[in-house]
Amino acid sequence: MSATQSPDLRHSLMGHSLALAIGMAATVGTALGFQHLGGYIPCALCLLQREPYYWAIPVALGALATAVFRLPANVTRGLLGIVVIMMLVGAGMGIYHSGVEWGFWAGPATCSTTANGLTTNAGNLLSDLNSVHGPSCTEAALRVLGLSFAGWNVIASIALAAIGIRAIVKKA
C-alpha cells in the first residue's frame, strides 16, 4: 500500500471525516438545543456524555485536514481511529446512563447536582445552594420512541463509530 493517498481514497477519507464532524456537531448541538431552547436541564451524566463529542469533533476536522493536504492515508486513518474510540467511549457512557435510568445499577453519588439548576438571582444564590438541585440521573427527562437522551446517544455514538470504521477499512 502506498504511503500517499490515491485520489479516490483521499476523497473517501475527506467525505467520511466531514460526515463525522457534521454528525457529531449535530448530535451535541441537538443536546444543547434541548437544554437551552427546550429547557431540559441535563444531569451530571448527561453533561459527561457530551465530552467525547467535544474532543472528537476537532480530531475529525484534523482528519479532514490531513486528507485535504494529502498527508499519508495512515495519518488520516489514525485520527479517525481516535474518533472511533471516542465514540465507543460515548456509547459506553450512554449504556451506563441508560442502565442507571432503568434501575439496572446505581448511578454515582454526584448524580443529582448540576450548576445549571442554580438561580441567576444573586440575592437567592446562597439559599438556593442547599435547596436547588439538578435533575437526578435516575429519571429520564424525556423519552422518544421509548429511549431517553442517553439511549439515543448510544445509537448516535455507534452510528458515528461505524462511519469511522468504514473509512478506516476502506481500500484504495
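1. Which residues lie nearest the centre of the largest pocket? They are A31, F149, A150, W152 and N153, from a lining of 30 residues. A pocket here is an open set of points on a 1 Å grid over the protein atoms alone, with protein on both sides within 12 Å along at least five of seven lines, and lining residues have an atom within 4 Å of a point.

2. The model is predicted: local features need pLDDT of at least 70, side-chain atom pairs count only at pLDDT 80 or more, and totals for chains, interfaces and linings use all residues. Residues are numbered from 1 along each chain as its sequence is written, and side-chain values use heavy atoms, with hydrogens and water left out.

3. The largest pocket has a volume of about 570 Å³, taken as the space filled by probe spheres set on the points, which are joined across faces, edges and corners. Helices α1, α2, α3 and α5 each give two or more residues to its lining, and α1 provides the largest share, 6 residues. (Helices are DSSP runs of H or I, at least four residues, numbered from the N terminus.) By class, the lining has 19 nonpolar, 8 polar and 3 charged residues; Ala, Val, Leu, Ile, Met, Phe, Trp, Tyr, Cys and Pro count as nonpolar, Asp, Glu, Lys and Arg as charged, and the others, Gly among them, as polar.

4. Helix α1 has 30 residues and reaches 42 Å from its first C-alpha to its last, close to the 44 Å expected (1.5 Å times one less than its number of residues). Its buried residues include L13, L20, M24 and V28, as well as R10 and H16; buried means under 20% relative accessible area with a 1.4 Å probe, protein chains only. Among the elements covering them are α2, α3 and α5.

5. Beyond its neighbours within four places in sequence, Y53 is in contact (heavy atoms within 4.5 Å) with M24, T27, V28, M87, N153, A156, S157 and L160. S157 lies in helix α5 and is buried, with a relative accessible area of 0%. Leaving out residues up to four places away in sequence, S157 touches Y53, M87, G90 and A91.

Conventions:
1 Å grid on protein atoms, 1.4 Å probe; cavity = no way out; pocket = protein on both sides within 12 Å on 5 of 7 lines; lining within 4 Å. Buried < 20%, exposed > 50% of the residue type's maximum accessible area, 1.4 Å probe, protein only.
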